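Subject: Structure for you to look over

Hello,

I am passing on the structure below, along with notes on the ligand and its surroundings. Please read them with the structure open.

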Amino acid sequence: MPKVQETILEIDLNALKHNFEYLKSKLKNNTKFLAVVKAFAYGNDANEIANYLQDLNIDYFAVAYANEGVALRQAGVTKPILVLHTLKVNFDILIENHLEPNLYNAKILNEFIAFSEARKENHYPIHIKFNTGLNRLGFWENDVDYIVSKLKATKAIKVKSLFSHLAASEDLNEEAFTNGQIGAFKTIAESFSGALGYQPMLHICNTSGVLNYPDAHFDMVRCGIGLYGYGNSEKESAHLKPIASLKTVISQIHHIEKGESVGYNRTYKSNTPSTKTATLPLGHADGISRIYGNGKGFVTINGKKAPIVGNVCMDMIMVNITDIDCKEGDEVVIFDGKTTTAETLAEHAGTISYELITSISQRVKRVIIK
Ligand SMILES: *Cc1c(COP(=O)(O)O)cnc(C)c1O
């Protein structure tokens, strides 16, 4: 491994393969696998990851917004791509790139039917989302007859799948609620398919759904976080390998006298005569938000924890290395798969792995390890 000389996000495709195979081992042979690669594949590198998973013969991809799907098409992704959050303004790029919209309410359904009829589309693939308790996006159960009547009146679109999304699949205290969502989805799917006359694919599980609700995998599952190496629980995370490591170097070391302060607004003041700090070349513009400041977050240098001192700056953080034997130019680990995972670091600051990893900004160089 070459010496780290700047802030980098190392992405290990072998770990990705391991996670994919672990999650797949939980599925029946004919259950399809959709990889959620929204938000740059959770801050990693959507093009590299999607192409790699495509080579591993993944069935489907999902992105949040149409422009993310366009970028995948331009990078050579040919598998079907579901756009989870369809907006009318993107209908044209969506169809031009053969992306498959989620239609989640009457307005977007009717607008998409009108648009695809005007383009003389024939059976353009679409997906219908039902709200079963998350109360975010989706039709309600009593919309079934309305949707089916609209679908029967047009040849321009065809339903490839019906889906829903679980609100608390990682929380076993919410098992009754989740089973209620799954039951509601089954009821909806049966009445929908019965009225429609054909059987679209069904899917409801995200990563934690796959792991905690094996009887609810239906025809396809949608995994994001698990592919990237986090299982939303200690037990499941132990089977997975975080694919990304955020590393940097020490730019400068300072000796801080008693009473001196460090950083903006002087939130840290030394009360010992010999505090030593290291300045690192990454800050909130790189995705280490201000919530990690003032001791909430830490990095690892030569195997030892160095807490963040003072406020996080835009382009730098300072860490306490008083008890660490290190020098300028030494490597620093912010998170990886061994010493500190993104899940652990995020929890220290009161947030979740999803937020930390998707925040790593595009300024940070991605290094792919094959
Ligand atoms: C983001 C997302 C997923 C993936 O969830 P993970 O917990 O990361 O596996 C699945 N389905 C929908 C609708 C999503 O928005």
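Arginine 136 has a polar side-chain atom 3.4 Å from an oxygen atom of the ligand. Please keep in mind that this is a predicted model. Two further side chains place a polar atom by a ligand oxygen: asparagine 206 at 3.1 Å and tyrosine 42 at 2.5 Å. On its own the ligand would expose 390 Å², and 93% of that is buried by the protein.

The shell around the ligand is made up of 14 residues, and those that come nearest are Lys38, Tyr42, Thr207, Ile225 and Tyr354. Sorted by class, six residues of the shell are nonpolar, four are polar and four are charged. Two elements, helix H2 (38-43) and strand S9 (220-223), each contribute at least two residues to the shell.

Where does the ligand sit? The space that the ligand takes up is the largest pocket. This pocket holds about 1,100 Å³ of space. It is lined by 44 residues, of which Tyr42, Asn206, Ile225, Ile352 and Tyr354 are the closest to the centre. By class, the lining of the largest pocket has 20 nonpolar residues, 16 polar ones and eight charged ones.

Regards

Technical notes: Residues are numbered from 1 along each chain as its sequence is written. This is a predicted model: local features need pLDDT of at least 70, side-chain atom pairs count only at pLDDT 80 or more; totals for chains, interfaces and linings use all residues. Side-chain values use heavy atoms; hydrogens and water are left out. A residue is near a molecule or strand if one of its heavy atoms lies within 4 Å of it. A polar contact is a pair of N or O atoms within 3.5 Å; within protein, one must be able to donate a hydrogen and the other to accept it, and residues adjacent in sequence count only if both atoms are side-chain atoms. Accessible areas come from the Shrake-Rupley method with a 1.4 Å probe; for residues, only the protein chains shown count as cover. On a 1 Å grid over the protein atoms alone, a cavity is a set of points where a 1.4 Å probe fits but cannot get out, and a pocket is an open set with protein on both sides within 12 Å along at least five of seven lines; lining residues have an atom within 4 Å of a point. A molecule sits in a cavity or pocket if more than half of its atoms lie within 2 Å of its grid points. Helices (H or I, at least four residues) and strands (E, at least two) are DSSP runs, numbered from the N terminus. Ala, Val, Leu, Ile, Met, Phe, Trp, Tyr, Cys and Pro count as nonpolar, Asp, Glu, Lys and Arg as charged, and the others, Gly among them, as polar. Grid points are joined across faces, edges and corners, and a volume is the space filled by probe spheres set on the points.
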